[in-house]
Each structure stands twice: as C-alpha cells, then as structure tokens.
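Please have the structure open while I talk.

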Amino acid sequence: MSKRSVIRLSLAAAAAVAIPIGASAQDFTPIGDRILSDPTFLPLQGQFYGQSGYAYERTDGHVFDSVGADVESRRHTLSTFHQGFSYGVTDDIALNVGIAYGFDGHTRLDAPGGIRDTNQSGFEDPTFGLTWRAIDQRAHPMSLDLFGSYSPDVFSNKTASGTEDASVARGGPAVDFGAALGRETRFFTIRADATGHYYGNSTLDNTTTGATVHTTDYWVPSVGLQTQARLNDRLSVNVGADYNFNGDPRVVNGATGVEHIAQLGDYQDVNVALNVHFVPNALVGSVSYRHEFHDRNTNVFPADPTANTQFDRSTDGVGVQLRYVFK
C-alpha cells in the first residue's frame, strides 16, 4: 500500500467518525433495532425488503505511454437503475436477489488521432445472495453477519458497433463473501466489514472484428467502514469508506495472441448519504454522493515493454434510492 493510499484511507476513516464526535451529547445507549436506513439492517422473519434506485457516475482519466507521455484523455459516464429484494427466512437469515440496467453510457476518447465516441447500455448480471446474522445485538454487545453472493455469467460483454451499443455486463461470473461487525446505539451505528471479491475468467467480444479478448480470474479483497448518525426519528446521515486491493489479471487478445498483465491498481472510495423516513421504518428515501480514488492502472506487455500504458482516473457518483419493507 502506497503512502498516498494510507493518507487517503486515514482521511476517509476520520471523516467516517466526524459526525459522532461532534454529537457526543447524544444518546449512545446500545440497542438492537432493525432500522430500515441503518447499515446493519436485516429483515425479520417473513419480511420483504426492497431497494429501488438510480445512480449516475462519471470517470475522468488520462492514458500515458511507456515513456510517460500523456497520449489520451478519457471520460466515461453511465446511468443505472438498480432493483434489489431480500426476504427474511428467519430473524437471522435473509435471501437476496438484485439486478441493474445501465443506460445512456458514453465514452469519449480524445487522442492525437482524433476524438472517438462510443455508447453503452444493457443489463448487469443478476446477483443472488444470503446473509446470516450469526450474532444478534439484541442478545449480545454487537452483531456479526456472514454473507455471500453469486453473479452468473448471463449477459455477454461486447464492444460497440455502428448499430449496437457496448454492453454493461463484465462477461464472466463473480462471487463475494465476507463478514461484518456492527454496533448500534440510539444515536449512532458503526459497521466494519471485510469482503473477498472473486472475478472469474471473462470474455470481451469485438463486434466489429469478431475477435475476443480473454481476461483471467482475479481477487479483490476489501475492507470497509460504514456509519450512521440519527439526527431525529426521521432524519439520518451515513458516512463511509472502503479500500479495495485490486488484482493483476492476465489479458490475451484472441486474434493476435498478444498477452499483457493488467495491474489494475488499488482504489478507495468515500461516501455520504442523507436519509429521510417518509413512513417511519417502512419507507425511506436517500440521496447519496460517492468519490473513488484510483491508484494508477498499468498494462505491462512482457514481450514488448514499449507497448506499456498507464491510466490515471477518478470517479464521482450521485444517486437516489427508496428502501421499503413489508410482509
């Protein structure tokens, strides 16, 4: 981990605890409630929980060649509708399913050869998961959740053509699993998690040439911290941060056989959200903002180092979400 990354993570952690420090006079009596907007929320037995949302994100970056010259600027934007459901099998076990659709995606590349524009749309692969509350704070000092999810390779990954948009799906399966500790009080909640993200072998189809690009599987371990400060019975503020240790998959161009190593670079994000209980603990609306700090991405070509490239970027995202629970 670089010194710059440590500094970023430290600042993110400081931001995550700034709210409760400024409100030390509030009530920190431990509770074990299932508060709909809370980071530790889990539906009770027989409850259906849903979340519907819209998000917009923009990524800006620059590409550098093997000698460090800035050869291209990139801007990518994407809007996404996402829908998720969870069902409480018991008070401690919930089944989850979710899917998202991306649209109005646009990539603009500005290089010496001219400006190129491509569009992107389509479904992301669905996700199926399970959460088990192994320790419930209603009977213990804190909660412990063990969770996992699986995304099958349902939708293909393809480049844009003259008549079709590029796809949104990654072209391969994915698996997540992890654990989270939570501590909830009347005023404040803190939740820390460690997650392993596994991305299986994936394929990108070039719709113009018919060639394919194959990417090997890789892991992305991550750690995160989420907090919530409840200002009153209807208003709350979430602040959080994550650090993701990105992998180094190998990428092979099926048409040429040329292989390179994609050193993806770690990334961190900080996020904030304002939540409003329109119907107390039954219908909650949220507005959110997220910023991602990306370490440099380097493509290493062992057979021809002069072909190496580097990519610096950062991402900003805003969103709105409705959460609701019913039997």
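How many helices and how many strands does the chain have? The chain has 1 helix and 19 strands, where helices (H or I, at least four residues) and strands (E, at least two) are DSSP runs numbered from the N terminus.

A word on the source: this is a predicted model, in which local features need pLDDT of at least 70 and side-chain atom pairs count only at pLDDT 80 or more, while totals for chains, interfaces and linings use all residues. Residues are numbered from 1 along each chain as its sequence is written, and side-chain values use heavy atoms, with hydrogens and water left out.

Of the 327 residues, 41% count as buried, meaning under 20% relative accessible area, with exposed over 50% and partly exposed in between (1.4 Å probe, protein chains only).

Now to the rings. A search of the whole structure finds 15 aromatic pairs, a pair being rings of Phe, Tyr and Trp (its six-membered ring) with centres within 6.5 Å, called stacked if the planes are under 30 degrees apart, edge-to-face if over 60 and tilted for the rest. One of them joins Phe28 and Phe187 edge-to-face, at 5.5 Å centre to centre and with 80° between the planes. Because Phe28 lies in the loop between helix H1 (3–21) and strand E1 (48–64), and Phe187 in the loop between strand E8 (174–184) and strand E9 (188–199), this pair ties together parts that are 159 residues apart in sequence. Phe28 is partly exposed at 32% relative accessibility, whereas Phe187, at 5%, is buried.

Phe41 and Tyr49 form a tilted pair, with ring centres 5.1 Å apart and planes at 55°, and both residues are buried. Elsewhere, ring pairs link Tyr54, Phe81, Tyr101, Phe103, Phe123 and Phe155 into a cluster.

Finally, which rings have a charged end over them? The charged end of Arg74 sits over the ring of Phe311, 4.9 Å from its centre, and that of Arg296 sits over the ring of Phe64, 4.9 Å from its centre, the criterion being NZ of Lys or CZ of Arg within 6 Å of the ring centre and within 35 degrees of the ring normal.
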